[in-house]
Amino acid sequence: MLFNQIGAHAMKPIYLAAFLLAACAARPNPADSAPPPPAAPEQPAPVTQPVATAPNATATELSRHGWRIIRIGRHAATGSLAFIANNRVNASFGCNSLSGNFSHQGQNLQIGELATTLMLCPPNIQAQEERLSAAFARTAAYRINGNKLELLDRRQHVLLQAEPARSVR
């Protein structure tokens, strides 16, 4: 009997708490019905800044003709490479097109981030594209060795070799 009296008194606060919670849930919150705050103006996507170019950079031996990529690092490669007079670089291995900006002063060369198409390519071509992107990111200089173009890192290690592309007539 004592348990029933204690239990009955202990249960009253629980019923009261449940009643209050139910009452609060049934009444809408004015903040919930307020219109949403005005959306912030849409911010434009960040623009990748092109690599700074040398003042009045003229066409160099880089842009005299197109190049056929023959090696990237220790790997044989087959692709095309073009340095265009307006400080643009384009490359392809027959699947995606890669393009970006470059700057040069003397033998120093920097290649900016590349934009690329996103086609699904065979694994061997995709691997060449990835190697090219990595080589471009590390490029600090270039040299013409015989008739071959060599892109070099800061320690003068060869990152890429290319030879003049033969024109098709």
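Modeller: A residue is called buried when its relative accessible area is under 20%, exposed when that area is over 50%, and partly exposed in between, using a 1.4 Å probe and protein chains only. Helices (H or I, at least four residues) and strands (E, at least two) are DSSP runs, numbered from the N terminus. This is a predicted model, in which local features need pLDDT of at least 70 and side-chain atom pairs count only at pLDDT 80 or more, while totals for chains, interfaces and linings use all residues. Residues are numbered from 1 along each chain as its sequence is written, and side-chain values use heavy atoms, with hydrogens and water left out.

Two strands are said to pair if DSSP finds at least two bridges between them. Strand β1, residues 67–72, runs antiparallel to β9 with 5 bridges, and within this pairing R68 stands opposite E163 of β9. Strand β8, residues 148–152, is also an antiparallel partner of β9, here over 4 bridges, and L149 has A162 in β9 as its bridge partner.

The hairpin of β8 and β9 has 5 residues between the strands, and in it Q156 takes a positive phi near 70°. The loop between β8 and β9 also contains R155, which is exposed, with a relative accessible area of 68%. The C-alpha atom of R155 is separated by 9.7 Å from that of A141, a residue 14 positions away along the chain.

To place this strand in its setting, the protein chain has 3 helices and 9 strands, and in sequence order they give the pattern α-α-β-β-β-β-β-β-α-β-β-β. Of its 169 residues, 29% count as buried. If a contact is taken to mean heavy atoms within 4.5 Å, then residues 24 or more positions apart account for 46% of the contacts in the protein chain with a separation of 6 or more.

Elsewhere, the structure holds 1 disulfide, the term being used for a pair of cysteine sulfur atoms within 2.5 Å. It joins C95 to C121, with an S to S distance of 2.0 Å. C95 lies in the loop between β3 (88–92) and β4 (97–105) and C121 in the loop between β6 (115–116) and α3 (123–138), so the pair ties together parts that are 26 residues apart in sequence. C95 and C121 are both buried.

Helix α3 contains Q128, which is buried, with a relative accessible area of 11%. The side chain of Q128 reaches the backbone nitrogen of T78 at 2.9 Å. Leaving aside residues up to four places away in sequence, Q128 touches I72, A76, A77, T78 and F93.

Finally, the structure holds 1 aromatic pair, where rings of Phe, Tyr and Trp (its six-membered ring) pair if their centres lie within 6.5 Å, and planes under 30 degrees apart count as stacked, over 60 as edge-to-face and the rest as tilted. The pair is formed by F83 and F102 and is edge-to-face, at 5.1 Å centre to centre with 85° between the planes. It links distant parts of the chain, with F83 in strand β2 (residues 75–84) and F102 in strand β4, 19 residues apart. Both F83 and F102 are buried.

Methods. A polar contact is a pair of N or O atoms within 3.5 Å; within protein, one must be able to donate a hydrogen and the other to accept it, and residues adjacent in sequence count only if both atoms are side-chain atoms.
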